[in-house]
2 protein chains.
Amino acid sequence: MNFEITKQFVENVKEAVEKSDETLALDLIHDLHPVEIAELYDELNIDEAKFLFLLLDGERAADVLAELDENDRERFLKVLPADVIAKVFIENMDTDDAADVIGDLPEERQEEVLSHVENLDHAGDIVDLLDYEENTAGGLMQKEYIAVKLDWDIKTCIDEIRNQSEDIDELYYVYVVNSENIFVGVLSLKKLILSKPEKKILDIYNSEAISVRTNTPSEEIVNLMDKYDLVSLPVIDPIGRLVGQITIDDVVDVLRQQAEKDYQMASGISTDVEITDNVWRLTKARLPWLLFGVVGGILASQVIGVFEDDLTRLAATAFFLPLIAATGGNVGIQSSAIVVQSIASDSLGIQGFWRKIFKEFGVAAINALVLSAIILSYNFIFSDSLVITISVSISLFVVVVFASIFGSIIPLVLHRMKIDPALATGPFITIINDLVGMGIYLVFTRFFYHILM
Amino acid sequence: MNFEITKQFVENVKEAVEKSDETLALDLIHDLHPVEIAELYDELNIDEAKFLFLLLDGERAADVLAELDENDRERFLKVLPADVIAKVFIENMDTDDAADVIGDLPEERQEEVLSHVENLDHAGDIVDLLDYEENTAGGLMQKEYIAVKLDWDIKTCIDEIRNQSEDIDELYYVYVVNSENIFVGVLSLKKLILSKPEKKILDIYNSEAISVRTNTPSEEIVNLMDKYDLVSLPVIDPIGRLVGQITIDDVVDVLRQQAEKDYQMASGISTDVEITDNVWRLTKARLPWLLFGVVGGILASQVIGVFEDDLTRLAATAFFLPLIAATGGNVGIQSSAIVVQSIASDSLGIQGFWRKIFKEFGVAAINALVLSAIILSYNFIFSDSLVITISVSISLFVVVVFASIFGSIIPLVLHRMKIDPALATGPFITIINDLVGMGIYLVFTRFFYHILM
């Protein structure tokens, strides 16, 4: 009921494929859900996967393809002729999945595959979907949905569901349109089931249903479906005609990808990777931000280099460089993370920009006071140098306040400029705060050295 | 259709409340969805919110309470008498929401509130739910669901839905049980709608449906519902009897909270906060890891202190301390983030522990080579010190490899020990890698100084 792919199972499948034992291979994967077969493919090489794919009937093969991750899918489609892709996969896929698959192909290949799709309505729907931006309602929606007319009765409605039922796997809502195909509301299945056949839809439908435009961004869709606990969401065109629906499973995927993306940004990883990816992909995802960090480190070495004489004079200055740099970095990451997360969950609140910064200043001042007091006490007891004792505490205070405000302002400003605020978290904020923090600390130390010595 | 709470709107509501103008206040919030009223409460003080709450009818008041965030709810329930909580809220809430609300009350208060619930079945269901751990299927499920018997026909089934329909807002699946209430499968609404009234459930239900036990952890539930694109999930007890259902909206909330928690951990924030929270809550969430960071900084100062003479001899040593520390920290965060994310999305793959570490070593070695080559070229051109040129490059290589492996191993080990691996990301990994990195660098520098000078 809840299958786990084991090493042993993968070996059994590989063996069956190697012997070209079709019966055994099919037998092994017979009870698997498409998503489980997709997981199995992760563990096979391209020839083994191809062998298995061509054993499956079209419907199932299409379901498996839809569940594969993008890289595996691309790798796999490269080795198949266009007519097989069209007939085995595209014909059997929901329009949204089919559009995703075709959208990832090179342009000439797209046309070739589409020309082999026999169901012209289906091909037309896919072409329509290809026009929309990936991260919008249009890019997420599917053309498969049930629409009924406002003036129908329940009996006609059920007949229509029967007619369209082949295209639809699961049914959660029926959409209601007027005679011009303008979306006017939804009919819940509960009402549909409990009403008499002669009851008019007009009398029982819900006219206050939420819908989105084709150009609504996917973040907004996630927030809407989460906020209003929706299972599906109708999509309308600029004049209000129903053109598609988005289902919750697609939105869960978007939510997951978004969360992963933000997490990766904060961790300094530049593309979507998993521990099972190959060395090359993993390196490519990690090197960019590390290089950026090394450039930051070189800049830091130059900032410190300016103060070489001070360091020779008072080597203890160097002891607290990491503390100042790290605390500045940590504070900046916290501030930017809170802003980024509030933006992502659409909970920035109605407070104005300066109110937010003012509050951030309050939080920063309290944190800065506590941290400075601790390091002051520590140095007061353990340090021989009055200059260091005073300079570290005062610099830490200034650095924490600066890093907080800076870490909050940057994502807020990016968000206003319609740039993804998550870009500003992680290494970027850390490096700037490191540099500024060390600069502040070294200047203060020189200043107090001249005053006190 | 898609309402945004504006400053002006909040002011209008506050004004109506201040004048105790019930008609105006009700008029203003009349068209709002419960979740929108909950958002509005965020902007009101406790007395204003209470005034509005007592204007709403029970059903709506209960919906709003369910949508409030935990802190606001707690603050609000404190000022209400137990019988009002029971009659206005608990009686009108779904069992899962009611159990959440009551579970957050102090123990004596729980009993007091429950004693005022008039519907004893409802109270009993809530008491049952209170026994389950929060992050398990039992803690997430609700007692409201439609179950039909295997030997019924469609007509009986629809009658049963009619009988139970008052408890259920939305219907997505009907669960099928045998005569002992043992869960045997699901019936899709599509089939229910399209089948003749005399058709037996036995002939059309799906016997391969996925179910979970009451003690299944919530992460697993999220992964199951995501993987198999489920909208609801039946929950069974140890002998297979159907005891509840989990709906997708609850799982979306869990997924969001999980993602936010991991993101916070990586950013060094210790409790769930938003930019709209007050200064005290924000400080409390941020100070713990900053303190930990300062302790790390103090340890770093002691590590560097051991090498005070080296620094006096060759001040340029200090220039590259931040580069080494920061790069070690960055690499460690990346490694741990990839592991944590793979664990969260249940995609660790079937590779063994040592294979994973070996691959990590490969990625680390490539990154380390590139970074070391860059810093070697830089110092070769710009640095006066051969010791520093050699020592920085070699240390950077060692530090990157060490930090990668360390960053991967720690979360993998924690996961094996059933401890949340996200604990190991963020400040913890950074601080350890900072310290070890600087130690390695200072030792190498001393070594090369003695060899080369």
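I looked up I221(A) and found that I221(A) touches A137(A), L140(A), V212(A), T216(A), L233(A), I246(A) and V251(A), leaving out residues up to four places away in sequence. Contact here means C-beta atoms, placed from the backbone, within 7 Å.

The model is predicted: local features need pLDDT of at least 70, side-chain atom pairs count only at pLDDT 80 or more, and totals for chains, interfaces and linings use all residues. Residues are numbered from 1 along each chain as its sequence is written, and chains are lettered from A in the order in which they are written.

I then checked the largest nonpolar core, which has 206 residues; I221(A) and I221(B) have the most contacts inside it. Such a core is a set of buried Ala, Val, Leu, Ile, Met, Phe, Trp, Tyr and Cys residues joined through C-beta atoms within 7 Å. Buried means that 20 or more other C-beta atoms lie within 10 Å of the residue's own.

I246(A) in β6(A) is the bridge partner of L233(A). Strand β5 (residues 232-236) of chain A runs antiparallel to β6(A), with five bridges joining them; pairing requires at least two DSSP bridges. Strands are DSSP E runs of at least two residues, and helices H or I runs of at least four. Five residues lie between β5(A) and β6(A) in their hairpin, and G240(A) in the turn has a positive phi of about 95°. Strand β6 (residues 242-247) of chain A has five of its six residues buried, so it is largely enclosed by the rest of the structure.

Last, I noted the chain pair: 103 residues of chain B are in contact with 102 residues of chain A. Helix α17 (residues 279-305) of chain B gives the most to that side of chain B, with 16 residues.

Key. Buried ≥ 20, exposed ≤ 12 C-beta atoms within 10 Å, placed from the backbone. Contact = placed C-beta atoms within 7 Å.
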